[in-house]
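Hi,

Here is the structure I promised to pass on. Could you open it alongside this email and look through it as you read?

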Amino acid sequence: MIHPIVMAGGRGERFWPYSNAQHPKQLLPLVTKKTMLEDTLDNIRAFQKSARTRLIIGKNLEKPVKKLMGKRPGVEIVAEPVGRNTAPAVALACRLIQRVDPEGVMLVLTADHAIQPPAKFAQAMRAAAAIAAEGNALVTFGIKPDRPEVGFGYIETDGGDRRVEGLAAFAVKRFVEKPDRATAQAYVDSGRFFWNSGMFAWRVDYLWEQFRQHQPEIAKVFEAAGDLNPKSPAFAKKLAKIYKTVPAISSDNWIMEKAGSIRVVVPEFGWDDIGSWSALERLHAPDEAGNRKVGQCLALDAKGNTLFSDGGLVAAFGVSDLLIVQTGGVTLVLPKDKAPQLKELVKLAQMDAKLKKFL
């Protein structure tokens, strides 16, 4: 069986202040009129209507996510008691699947990627699941780059490929984290590099062996907890005990650095990770002066700005290449090229208890 897992617990700090702790970007309508989480679940349903999808979220999001999901069929919500990065979340999902399907295939997806059309998404999921089902490799999705993006990680392939479900599938040579612009351009020109999407497929028994070999501390803690049944009254208590001791590790990092056999499927869907405010430039057409406007916005003698308001008016006069955001009682103004570093400003705000209500 194929078991989709959606990682939906992030804070989306690079989309602050529109995205915040209680309403992160995956719970916002950034691409369509639905939230990004709903868009993701619609894609999964188009791929496999009977799929049981597990959402891994933070405890702080349990109430809004349950409200959003309502009576949507086939969705199981699992709340982590505290954030420990993505490796413990993947381990938790793996153990939940193992107890019901010891050789099942897990798809690890994120709730903040824009992917279209659903048919191409389904094709890529089938291809990755088919390779993962062989039980001898971890599978990731590599996006063919159309620009020298410095904010993404890259995957270098070995040049040889096979076709699965009509898509190219390569062996992975190495992963490279966020290169400078000149290096990124060289990667794009080579044709051997793909963006690392952060989405994966693997058979749960093979994945757990990787945990045992390369992250034994995480594996031992989960195995010591015994059966993890979400319907058991002891589940929350067991999970809290686990999360008190597991280390905070990124699944991307240990997979890239440790795992032996990794393959990459190159999908044909349109993809954007909606990672920061700069994504609005790809989602919204500019006016004649190059300004992107979302909400009530006014620009005069202004060029190349991104203006966003979900209440009230944002007006720009005689300025260029700025990001101006008004939402939730916060007005944010910064040069657009600083948008990828927005987390630094959020960290500064977190140091002032008086600003908590804006975070």
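First, the ground rules. This is a predicted model, so to speak of local features we need pLDDT of at least 70, side-chain atom pairs count only at pLDDT 80 or more, and totals for chains, interfaces and linings use all residues. Residues are numbered from 1 along each chain as its sequence is written, and side-chain values use heavy atoms, with hydrogens and water left out.

On a 1 Å grid over the protein atoms alone, a cavity is a set of points where a 1.4 Å probe fits but cannot get out, while a pocket is an open set with protein on both sides within 12 Å along at least five of seven lines; lining residues have an atom within 4 Å of a point. Volumes are the space filled by probe spheres set on the points, which are joined across faces, edges and corners.

The second largest pocket has about 230 Å³ and 14 lining residues, with Lys59, Ala79, Phe235, Ala236 and Leu239 nearest its centre. Helix H2 (62-69), strand S3 (75-80) and helix H8 (235-245) each give two or more residues to this lining, and H8 has the largest share, four. (Helices are DSSP runs of H or I with at least four residues, strands are runs of E with at least two, numbered from the N terminus.)

There are three cavities of 30 Å³ or more. The largest cavity holds about 70 Å³ and is lined by Thr40, Asn43, Leu109, Thr110, His113, Ile115, Phe121 and Met199. Helix H1 (36-47) and strand S4 (105-110) each supply at least two of its lining residues.

**Helices.** H6 (204-214) and H7 (216-224) have axes that come within 5 Å and cross at roughly 115 degrees (lines fitted to C-alpha atoms over the stretch in contact, angles from 0 to 180 degrees between N-to-C directions). Trp208, Phe211, Arg212, Gln213 and His214 of H6 meet Pro216, Ile218, Ala219, Phe222 and Glu223 of H7, where contact means heavy atoms within 4.5 Å.

**Sheet.** Four strands make an open, mixed sheet in the order S12-S14-S16-S17, with S12 (292-294) and S17 (330-335) at the edges. Strands pair if DSSP finds at least two bridges between them; S16 (322-327) and S17 run antiparallel and are joined by six. Val325 has Leu332 in S17 as its bridge partner.

Cheers
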